[in-house]
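Okay, thanks for having me, everyone. I'd like to walk you through one structure, so let me put it up on the screen.

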Amino acid sequence: MTAEQPGQEPDYRFTLANERTFLAWIRTALGLLAAGVAVRQFVPPFDWAGATTALALACIVLAAIVAATSFPRWRRAQQAMRAGAALPPSPMVAVLAAGVLSLALLAAVLVIAG
């Protein structure tokens with residue numbers, strides 16, 4: 001998992017911080033995956049048919065998106081540090097925030113509706 005790109009080797013502290021950020025994204029994906037499995041296995045069915053499965057799948061899909069984008073994000077940041085460039089922005093911060101908000105709203109609606 002190295003970014004073998006030409007350029008100057010970044011300070012190891014920045015490389016390790018970038019790696020910790022990558023691992024945080026992976027932990028978030030694992031947490032969402034565990035939440036999806038837990039919802040499917042342990043949450044009693046809602047009044048709406050398929051609502052439990054939909055909520056579980058939403059968690060799992062968000063987990064897959066976060067996991068799939070975490071390594072490319074790590075690589076882009078590592079390449080930028082090697083090149084001495086500004087770190088690239090990540091749309092995943094907004095995607096994750098919107099996804100978790102959507103999950104919370106869906107869960108709230110399902111709980112209130114019964």
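**Rings and helices**

Let's start with W74: this residue is buried, at a relative accessible area of 7%. By buried I mean under 20% relative accessible area, with exposed being over 50% and partly exposed in between, using a 1.4 Å probe and protein chains only.

Before I go on, this is a predicted model: local features need pLDDT of at least 70, side-chain atom pairs count only at pLDDT 80 or more, and totals for chains, interfaces and linings use all residues. Residues are numbered from 1 along each chain as its sequence is written, and side-chain values use heavy atoms, with hydrogens and water left out.

Now, the rings. A pair of aromatic rings is described by the distance of the centres and the angle of the planes. Rings of Phe, Tyr and Trp (its six-membered ring) pair if their centres lie within 6.5 Å; planes under 30 degrees apart are stacked, over 60 edge-to-face, and the rest tilted. How many aromatic pairs does that rule give? The count is two. F22 and F71 have ring centres 6.4 Å apart and planes at 80 degrees, so that pair is edge-to-face. This pair links distant parts of the chain, since F22 sits in helix α1 and F71 in helix α2, 49 residues apart. Helices here are DSSP runs (H or I, at least four residues), numbered from the N terminus.

F22 is buried at 11% relative accessible area, whereas F71 is partly exposed at 28%. F71 also pairs with W74, and that pair is stacked: 5.4 Å centre to centre, with 25 degrees between the planes. Those two are three residues apart in α2, so about one helical turn separates them. Put together, ring pairs link F22, F71 and W74 into a cluster.
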